[in-house]
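Me: Could you walk me through this one with a few questions and answers?

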Amino acid sequence: MKPELDETSGQHTTGHEWNGIKELNTPMPKAFSIWLWLSIAVAVLLWLLYPAWPYVTHYTGGILGYSSRIAVTEQVEAGRAQRAETFAPFETMDVAELAEMPNLRETYEPAISVLFRDNCAACHGRDAVGQINFPNLTDDHWLWSGTPEEIEYTLQVGINSSHDDTRYAEMPAFGLNEMLEQPEIKDVIEYVLQISGQEHDAAKAQAGETVFVDNCESCHNEGGIGELENGAPSLIDGAWIYGGTRESLAETLKYGRAGVMPHWSDRLSASEIRQLTLYLLWAGQDGNGD
Amino acid sequence: MDGKHAKLERNGIAFAMMILFVASLGGIFEIAPLFTIENTVEEAPGMRPYSPLELAGRDIYVREGCYACHSQMIRTLKSDVDRYGHYSLAAESMYDHPHQWGSKRTGPDLARIGQKYSDAWHVAHLKAPREFVQGSVMPGYPFLSETPLDTKPLPASLRALQRAGVPYTDAQIEAAVRDAAAQADVDVDFEDELRESYGENVQVRDFDGQPDRLTEMDALVAYLQMLGTLVDFDQIKTEEIAR
């Protein structure tokens, strides 16, 4: 059929006619069809360059041999190398040497605080002062000594953690496991209140001293001064992890305590653990040393 | 331009065939990749079906809508890997029905939260998150510690997953209730059986700080502490899982 020319628009009609109404045969605008064919061409190019089409057992890998997983591994490695440069002293020196170095804090503290916030702040708080059940890291009261090496070791293996060489410390459940009678527990609580300088019942405290000597001293040391060797806290320094009130002491004696510090040797690099160790030493330098 | 589509429009059968072809493309693109699933899911040593207690925890995770704010998908992006650890493998969600990848991070990604913090922290944090994390908007879930875990539906859950392709054995399904209690260490001495049945990487202990009770908190914390810890990445080479 010969297309009829519509004089008003200058276009051909489709040749159909419905009760005198005719339809213009308007093709797609040129710009649109160029865009369409261009998109298809780009798609074909990408199919050739990158992994694209699956087939029965595999997929087309593309000329570039690109893999997002290899790419990200390389980027992460590059980032690591860059950090090794930025934190150069922490790569080569041990924590004792680092602790002696001047001006380290000014340079590195802001950067390390990011590492601390991401990994440590959840339990110990953003400013490292701890919260109930999680110890303050800025004071001078350490469970396993505050020397650089010991802090580093705690970070590496954790306390009561799943690491094979974990530090291990457990306060037994004297009440629940019936290792002590109820009156004995009441007495020893009064004794602990006494030695920690709190309001107490003197008569019961005196009875409690015997209980303490027989049951508690082997870990908490004579007079409850604590023992860094086994992570038993001092009971007289006024710093409490689980609270020093009569009620919290009763709970501690009944159920025991075995706080867990996760180990970080799998999650953080040796250098990052050294950075955090130094960060804690610096945090301890602020304040009044208590 | 004129002639071509005019010809097509006048040939009804050909036109219908072409419409069918174009409309089916969407379906083909969704379905065809499933035939290659074998080489999409990596060989991942250590990956195993969830233990009954972890599965119960996962159900609570889904029930409480944790996925609305937390993703479980560490993407192959440097920023993701730097912050959260090794990028997620397909294998790590192969036993998830449905997966918990999520699409929005109001809170942090949880794909490798397992064993990052202590159980005590998880319990305290789940009870009152905003007291523990500055700037957090997470709601508290204190009732989890008070709610006894209902283990009765577990065998049926395992059975349903078995039908969906998770390789639970009939023996595991039968022992599901017992295994759930054994993992939280509640007066049940079947730890060895549990480990033998599910693998050495099952964590057995009291999770919620209440040794005498099996609560929903036990289940949820057991699930969270397992996340991202199953696969032994020392045994995997990047080239082997390159995609």
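Me: What share of the contacts in chain A between residues at least 6 apart in sequence join residues at least 24 apart?
Reply: Happy to start there, with a predicted model in which local features need pLDDT of at least 70, side-chain atom pairs count only at pLDDT 80 or more, and totals for chains, interfaces and linings use all residues. Residues are numbered from 1 along each chain as written, while chains are lettered from A and ligands numbered from 1 in the order written. Two residues are in contact if their C-beta atoms, placed from the backbone, lie within 7 Å. On that basis, the share for chain A is 53%.

Me: And which radius of gyration does chain A have?
Reply: The radius is taken over C-alpha atoms, and the globule rule is 2.2 Å times the number of residues to the power 0.38. A compact globule of 290 residues would come out near 19 Å, but chain A has 36 Å.

Me: What percentage of the 243 residues of chain B count as buried?
Reply: Chain B comes to 12 helices and 0 strands. Its radius of gyration is 23 Å, well over the 18 Å of the globule rule, so chain B is more spread out than a compact globule. Of its residues, the buried part is 30%.

Key
Helices (H or I, at least four residues) and strands (E, at least two) are DSSP runs, numbered from the N terminus. A residue is buried if 20 or more other C-beta atoms lie within 10 Å of its own, exposed if 12 or fewer, and partly exposed in between; C-beta atoms are placed from the backbone.
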